[in-house]
Amino acid sequence: MSFGDTYIQLFNTSRSALKAVSPKLRVGGPATMELRSVAEFLSAFPDADFASTHTYPTDYCNSDPANLDCFTDGIVAAKKQAKDTPFLITEYSCGWKNSAIHGGESTSYSASFALRTIAALADAGLEALSWWTFSMLFDEDSGGVVNHAVTGNEFGQNKSGADAAWQTVSGVPLPSYRAFQLLKDAGDTRLPVAIAGRNATDGVDTTLSIFATSNISGGGAKIFLSNFRPDD
């Protein structure tokens, strides 16, 4: 992707205007999908305050669903393109090449994906890793508001609104919600993990992933285990 003159003028004018209001305001981009154009953007705008993009497993992992590290490897590669520029993943979630992709948050798959992904990217140097959430009352398929409970679909299965929800329409927390509820109380220091007999020192062994934390001020360790594989 090459950035045309119109885009370049728009970005530079917007950046100048915002910086005139306050130099503390940070302006960046390209806010693309599928991790696209990070290097190209920073080449065109080397003074950008950050690089941002978003991605889902369906963007580039469908051709190799057996590679459980496909998703996180793609993000790490994009981060390398940003070099020392702050790098933000502003949108991601658990969609994969699975038949129930819309409704994935309703299953344990989503929780295991969250735990594995966050553990794998904890030391990747990302400034933000933001899970995409939306209301179960919103249905992207129709572009409007659909109360799935009224239609007899409490979990919104096979509807686009469900692949971004953390709760059912009645407020019942879904597995993805529970994963982040656990992570909220994680410690502030990550501990090294080794899996005996498996030559795994990063806490990952095929579908199994483990990471552990403690508080720098003291206290016991918290250990997070997940067994992740795509639905298909």
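Residues 24 or more positions apart make up 56% of the chain's contacts (heavy atoms within 4.5 Å) with a separation of 6 or more. The model is predicted, so local features need pLDDT of at least 70 and side-chain atom pairs pLDDT 80 or more, while totals for chains, interfaces and linings use all residues. Residue numbers run from 1 along each chain as its sequence is written, and side-chain values use heavy atoms, without hydrogens and water.

The chain has six helices and 10 strands, taken as DSSP runs numbered from the N terminus (helices H or I, at least four residues; strands E, at least two).

Four strands form an open sheet in the order β1-β2-β3-β4, with parallel pairing; two strands pair if DSSP finds at least two bridges between them. β1 (29-33) and β4 (128-131) are the edge strands, each pairing on one side only. From one strand to the next the twist averages 15°. Within the sheet, β2 (residues 51-54) and β3 (residues 87-92) pair in the parallel sense over four bridges. His54 has Glu91 in β3 as its bridge partner.

Helix α4 (residues 70-82) packs against helix α5 (residues 108-121) at an angle of about 35°, with the axes 10 Å apart. Here axes are lines fitted to C-alpha atoms over the stretch in contact, and angles run from 0 to 180 degrees between N-to-C directions. Phe71, Thr72, Ile75 and Val76 of α4 meet Phe113, Thr117, Ala120 and Leu121 of α5. The residues of this contact divide into six nonpolar, two polar and no charged, where Ala, Val, Leu, Ile, Met, Phe, Trp, Tyr, Cys and Pro count as nonpolar, Asp, Glu, Lys and Arg as charged, and the others, Gly among them, as polar.
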